[in-house]
Amino acid sequence: MEAFSFSGKHVLITGAGSGIGRLMALGAARRGASHIVLWDLNLAGIKAVAEEISALGVKASTHKVDVSQRASVIAAASAVSEEIGHLDVLVNNAGIVSGKSFLELEEKDITSTFGVNTLALFWTIQAFLPGMLERDSGRLVSIASAAGIAGSTKLTDYSGSKFAAVGVMEALRAELREAASSVSALTVYPFYINTGMFDGVKSSSPLLRIQNQDVATAKILDAIESPRRELFLPGMVYSVRIFRLLPAAAFDWIADAFGINKAMKNFRGRKK
Ligand SMILES: NC(=O)c1ccc[n+]([C@@H]2O[C@H](COP(=O)([O-])OP(=O)(O)OC[C@H]3O[C@@H](n4cnc5c(N)ncnc54)[C@H](O)[C@@H]3O)[C@@H](O)[C@H]2O)c1
């Protein structure tokens with residue numbers, strides 16, 4: 001895939017009402033996108049972001065969507081197609097975390113987490129990929145997580161949903177290659193970011209610091225504008241792939257030594 005530019009592009013971001021979704025929407029507008037579509041359950045949040053985008057002289061539209069619900073996605077996707085015609089960039093960013101240990105998880109925690117973090121990829125990509133294939137152009141982005149390549153305490157539902165999202169994106173990349181399509185896919189693996197979603201989390205390793213949301217967003221936008229297929233934030237997260245070559249006992253020892261399994265101890269998360 002050739003390098004790609006936001007200039008003149010139609011961009012849709014899910015979970016755009018706060019955190020890096022909001023920052024990516026503003027960043028894409030500053031980088032020249034011509035229309036940003038903002039999806040979130042939090043309508044007040046995306047309305048405020050749309051005002052910030054309009055102030056930059058870029059068109060923005062808002063849709064209250066529950067991305068875990070196929071019917072909600074299909075209805076909003078058809079409204080988007082009517083409004084802007086085609087879509088160039090789809091960023092699956094909406095995500096939730098319960099932060100509970102395995103036996104504390106209630107049924108709703110598990111189904112909601114998989115609904116938002118995994119199933120939403122099927123609903124949104126099935127809605128917009130046909131148009132991208134027809135135009136032989138488009139960029140599919142998924143904000144997965146470092147927890148999508150390494151499991152840790154209090155993240156069994158989250159980690160399982162993000163491992164699944166990573167698998168969906170990898171298999172989809174294979175299908176796009178097989179179809180010799182110019183539509184490309186990018187999976188992002190961030191360590192913790194200071195958006196509020198993981199408030200209370202502590203990192204005990206100087207090699208794995210909590211990421212600054214503005215810096216992380218700029219790197220993600222750079223990666224969307226590049227031919228990259230994967231982005232690890234920070235780059236140290238990539239080492240998980242290398243440590244995986246070791247037997248599980250050694251891999252687990254390294255994860256514990258990095259303090260990965262203590263990080264969620266005082267998790268509070270975003271206040272409702
Ligand atoms: N913050 C981190 O430490 C971190 C680390 C790794 C990966 N991530 C991932 O990055 C993404 C963004 O995280 P963030 O930190 O900006 O979180 P955030 O909580 O600030 O934003 C997530 C947004 O998703 C929206 N959302 C939740 N459920 C939804 C639903 N069913 N339908 C539509 N919108 C919904 C929320 O209203 C919110 O605006 C998530 O996928 C998250 O899993 C975050």
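These legends go with a few close-up views of a predicted model. Local features need pLDDT of at least 70 and side-chain atom pairs count only at pLDDT 80 or more, while totals for chains, interfaces and linings use all residues. Numbering runs from 1 along each chain as its sequence is written, and side-chain values use heavy atoms, with hydrogens and water left out.

**View 1. The shell around the ligand.** Here 28 residues surround the ligand (a heavy atom within 4 Å), and the closest are S18, D40, I193, T195 and R270. Sort the shell by type and you get 16 nonpolar, eight polar and four charged residues.

View 2. A polar contact is a pair of N or O atoms within 3.5 Å. The side chain of T195 puts an N or O atom 2.5 Å from a ligand oxygen. For K162, a polar side-chain atom sits 3.0 Å from an oxygen of the ligand. With R270, the distance from a side-chain N or O atom to a ligand oxygen is 2.5 Å. On its own the ligand has 830 Å² of accessible area (Shrake-Rupley, 1.4 Å probe), and the protein covers 94% of that.

View 3. Y238 sits in the loop between β7 (230-233) and α7 (239-243); strands are DSSP runs of E, at least two residues, and helices of H or I, at least four.

Terms used: Polar contact = N/O pair within 3.5 Å; in protein donor to acceptor, adjacent residues only side chain to side chain. Nonpolar A, V, L, I, M, F, W, Y, C, P; charged D, E, K, R; others polar.
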